[in-house]
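Please open the model in your viewer and keep the selection panel at hand. The stops below go from single residues to the interface between chains.

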Amino acid sequence: MSETYTAPLTFSKVKAGKGLEAALELDRAGVINEITASGLKGRGGAGFPTGVKWNLAAAAKDPVKYVVCNADEGEPGTFKDRVILTDHADLVFEGMTICAYAIGAKKGILYLRGEYTYLQDHIEGILRKRREAKLLGKNAGGKKGFEFNIEVRMGSGAYICGEETALIESLEGQRGEPRNRPPFPVNTGFLGHPTVPNNVETFAWAATIMSKGSEWFKKIGTDKSAGLKIFSVSGDCKQPGVYEFPLGITIKELLKAVGGLDAKAVQVGGASGSCVPAREFNRKIAFEDVATGGSIIVFGPQRDMLKVAENFMEFFHDESCGQCTPCREGNGKILEGIHMLQQGKCSMHYLRELCALGETMQLASKCGLGQTSPNAFLSIVKNFPDEIMGRAGAAQE
Amino acid sequence: MLTPERDQLAENITKWIDQYGGNRSALLPTLQEIQKRHGRVTEYAMQVVADKLSIHPVEVYGVITFYAFLDTKYKGRFIIRLCRTISCDMAGKSRVARQLENDLGIKFGESTADGRFTLEWANCLGLCDHGPALLVNSQVFTHVTPEKVHDIIESCRKAFGAHTLQKEEVHIA
């Protein structure tokens, strides 16, 4: 396997163990206050404030609580967690330990996607070293009475298990079908106990914040989107790889850094994100504008956007868990519609029906998969109508 | 399947279930162990797992059929999974796919008659900066070109027998 290009990351400059030390000197509320003050929001893409999540779990009354690290990185175009787990797994486990201390959990689970099985030995090795260094186990990190252990569990090739409740179902030995929310995992999570599920990157930032202070983090980024973010960049650009930028960066600035300024569109946030055309490249990547879990896919001038939409819909049609009707049937219908467009056989009326179906899916689907799967198709129809209507048809292509 | 082998499997299943906590949440890791060592989860294995966990075997079946990496039917010794998602697609996965089909003489979703290879599509493997990418069992190959396909298949053929790409692998099916 070839090396992933990785721009300098803040994680490399953080001294191992400093964040945990600082956290263990505070009381539990102090840690949560620090994380809340930093403005850190979930780095998996949904952007839920991390401090609030930890606080809810800490406030829940239950002697058994869990910390779950979501390493089921399946969003098309995302590979930052693979790089973080390869180079900075220690920091991730440090973040999990800080969280466990803050909420009062004794057990942590890292749920690693089955496609990353080749990373398992490396990760287990780092956990072993942490146990030997007494950073895990009884009196972890030298804090009397604080006990915490981390276990690795593998996924088995299901994108939907990246959804937090589906992940918990999977951990419980069930089919990975999302649950209704509420109740949220912070109240009723793994085996019915309060659980904090966070993304790999979120835990690494939590450890970094405890080490460098919430003030430092808060000052970077925008008001609503504080701090730095790790991006996975792929597609038509000179230097694909992993980058770190402050949130609030414009798409144009990002494209300049990766060598992709001639792009005609950029998919921000993976297949479930949105497709931003060149005329909107001044928009900001932030929770209040174009949100992302870190996936940036660059489309060069020669790309056929309908083919892009087809690829995304094939993905969702295959990965829908089939539990709720809007998602199970809707993704198939939209994919069928794309094939009609490719053959030049789709009327304007039917295209509008398809868009209405997409909007219904966004409203009526049970989980994030169905609520976001029509996004790419809808934004391609909106932004590239000339490209997709009145095509010559399969025979002439 | 010979009886002692069945006994051995049952013994292993008991061991794994205990190792992973002894309750329903041990189900997935136990099935993964069976899959890794035996290449599939047989009806017999499902029944044993169900008995140990005091659940109906169809519950086990339901879980197996949900996950792409668990199988009830035997697949090839080497499962080649080519990523078909957008970045690998743009990097030229279609030509790699055609070459794989040509060199193996099978279509996607099929296995070779000698039981060595199964060819499958995978959704995003998280190797988007190295496309086209594929997995052979759990080993990664990146920047695959149609030309490299032959070498990858040959390295598997050579490994067939004494050494395999997958550790701790025993086939008794």
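**A lysine in chain A**

Begin by selecting K80(A), which is buried, with a relative accessible area of 1% (buried means under 20% relative accessible area, exposed over 50% and partly exposed in between, with a 1.4 Å probe and protein chains only). This is a predicted model, in which local features need pLDDT of at least 70 and side-chain atom pairs count only at pLDDT 80 or more, whereas totals for chains, interfaces and linings use all residues. Residues are numbered from 1 along each chain as its sequence is written, chains are lettered from A and ligands numbered from 1 in the order in which they are written, and side-chain values use heavy atoms, with hydrogens and water left out.

K80(A) lies in helix α4 of chain A, residues 80-87 (helices are DSSP runs of H or I with at least four residues, strands are runs of E with at least two, and both are numbered from the N terminus). Show its side chain together with that of D81(A), and you will find a polar contact of 2.7 Å between them; another polar contact, of 3.0 Å, links the side chains of K80(A) and E201(A). A polar contact is a pair of N or O atoms within 3.5 Å; within protein, one must be able to donate a hydrogen and the other to accept it, and residues adjacent in sequence count only if both atoms are side-chain atoms.

Next select G176(A), in the loop between α7 (164-171) and β4 (195-199) of chain A; G176(A) is buried, with a relative accessible area of 0%. Leaving aside neighbours within four places in sequence, its contacts (heavy atoms within 4.5 Å) include C321(A), F66(B) and Y67(B). The C-alpha atoms of G176(A) and C321(A) are 7.5 Å apart, although 145 residues separate the two along the chain.

**The interface**

Now colour both sides of the contact, 36 residues from chain B and 56 residues from chain A. Between these chains about 3,400 Å² is buried, 54% of it from carbon and sulfur atoms, where buried area is the accessible area (1.4 Å probe) that two parts lose on being put together, summed over both. In chain B, F66(B), I86(B) and M90(B) lose the most area to chain A, together 19% of what that side buries.

Finally, select D129(B) and R82(A), whose side chains meet in a salt bridge of 3.1 Å, N to O (a side-chain nitrogen of Lys or Arg within 4 Å of a carboxyl oxygen of Asp or Glu). Across the interface there are three salt bridges by this rule.
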